[in-house]
Amino acid sequence: MPRKYFIETFGCQMNVHDSERLAGLLDQAGYEAAVAPNEADLVVINTCSVRERAEDRLYTELGQVAENASGRRPIVAVTGCVAQQEGSALLRRGRRVDLVVGTQALARLPEMVADLEHSRPERVDINPYDNVSFPFGVTKRSDPVKASVTIIEGCNDFCAFCVVPYTRGHERMRPSGEIVDEVRLAASQGHREIQLLGQIVNHYAAPDRPDCDFAALLELVHEVPGVERIRFASPHPRHVTTRMIGAMQALPKVCRHLHLPVQSGSTDVLARMRRRHTREDYLALVERIRTAMPDIALSTDVIVGFPGETAQDFEDTLSLVKTVGYHSMFSFKYSERPNTLATQRLPDDVLAADKTSRIVELQNTQKGIQEGLHRQQVGHEVEVLVDSTSRRRESELAGRTPGNTVVNFEATQSLLGQLVRVRITDSGPYSLRGELAQRVG
Ligand code: SF4
């Protein structure tokens, strides 16, 4: 009987995609997916260290594996950013952990499991590997409509609050030929939306084609038959070029949505964060983008309570948020992360109560902005790529507009994966509701 694996994934889109790659590698090695951890011979916990208490979540998860696996002890592998950060310390502290596989060594997991079973244990690999190629056709995609395709691994920017350069290593570009081949395969398998992934996705420069920057890569992906929509995450404001704006404007499959992380509206805080852009640079960029594409939806990330953030700095963030009018936002209270420059050099000196009151005010402000933007859509028709059954009602489907807003509407399951037009009848702060107007393609 084939051995079974179960993968638990925490964190960002990149981690979700790494789990798809791991699943493909394990299938290739003769494993089968289990529906629950207590059925598995191998449990993989793919960790994230961006959010607070990532290690606590890992230990909770490990405890549950121990409880569930009565009678049969699965091999437990920890992968991802916490694995990369903690290395062999995880073997000592987490008695349930058998293997620790860093972010750059994922492809070695099946080999390390086999070695462990043959008593030749190499239990930790957190080495850097420069090769970012991935075996063609192995990724096991979990979403039938959208396909993530990695174009860059790692980051060289070392923003003061961020662990990524320490956990995912220095920036490495994937060859454009390999990216386009993967996009072709995904499109031929029915994936209609391609999501290009990289820590600074718009810093792309193809190692196999000197003339291919991010804008040129968008053009190459745009040419692939079967691709209906193209998205990308996450760009950095300082790498948004005139060519990139021009490509977004000219290529109809590129969604009119741009996630543009600002982090703070105060130039002083941005300097301490080492973001390499000012408030003024950012607002000027937003104006350039909106001049080229007036209908573009913008979203962002904001950290409140970064070391040294004053009440005035926070007011600057609030005023920037109101000025830009984002369609959505991820916001976080600052907390220290292991190894980062901020943890080493800047005291975490904003009171916890101030962080809480600021994030509440920020989120309430953003909620009001979203309510207003969504209300403007009522009575209009929008294009929706249907990607799932609605979370609220089984009789409803859900999808996203090009601007990335969720739309729920009554329809039959046969429309899953289709592009449709929906007339918006109602709106809330986090989604729209509507009725089917027309099928597009
Ligand atoms: S650009 Fe900054 S925030 Fe983004 S991954 Fe790199 S270091 Fe982290």
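Helix H12 (residues 311-324) and helix H14 (residues 352-375) pack with their axes 10 Å apart, at an angle of about 10 degrees. That angle makes H12 roughly parallel to H14, a label for angles under 35 degrees. This is a predicted model, in which local features need pLDDT of at least 70 and side-chain atom pairs count only at pLDDT 80 or more, while totals for chains, interfaces and linings use all residues. Residues are numbered from 1 along each chain as its sequence is written.

**The helix pair**
- H12 brings Phe314, Thr317, Leu318, Val321 and Lys322 to the contact, and H14 brings Arg358, Glu361, Leu362, Thr365 and Gln366; being in contact means C-beta atoms, placed from the backbone, within 7 Å.
- The residues of this contact divide into 4 nonpolar, 3 polar and 3 charged.

**The sheet**
- An open sheet is formed by 3 strands in the order E12-E13-E14, with parallel pairing; strands pair if DSSP finds at least two bridges between them, and a strand is a DSSP run of at least two residues.
- Strand E12 (257-259) and strand E14 (328-333) are the edge strands, each pairing on one side only.
- On average, neighbouring strands of this sheet are turned by 10 degrees against each other, direction ignored.
- E12 is joined to strand E13 (residues 297-304) by 3 bridges, and His257 has Ala297 as its bridge partner in E13.

**Around the ligand**
- Among the residues around the ligand are Cys155, Asp157, Phe158, Gln199 and His236, where near means a C-beta atom, placed from the backbone, within 6 Å.
- By class, this shell has 7 nonpolar, 2 polar and 1 charged residues.

Conventions: Helices (H or I, at least four residues) and strands (E, at least two) are DSSP runs, numbered from the N terminus. Axes are lines fitted to C-alpha atoms, for helices over the stretch in contact, and angles run from 0 to 180 degrees between N-to-C directions. Ala, Val, Leu, Ile, Met, Phe, Trp, Tyr, Cys and Pro count as nonpolar, Asp, Glu, Lys and Arg as charged, and the others, Gly among them, as polar. Angles under 35 degrees count as roughly parallel, over 145 as roughly antiparallel, 65 to 115 as roughly perpendicular and the rest as oblique. Two residues are in contact if their C-beta atoms, placed from the backbone, lie within 7 Å.
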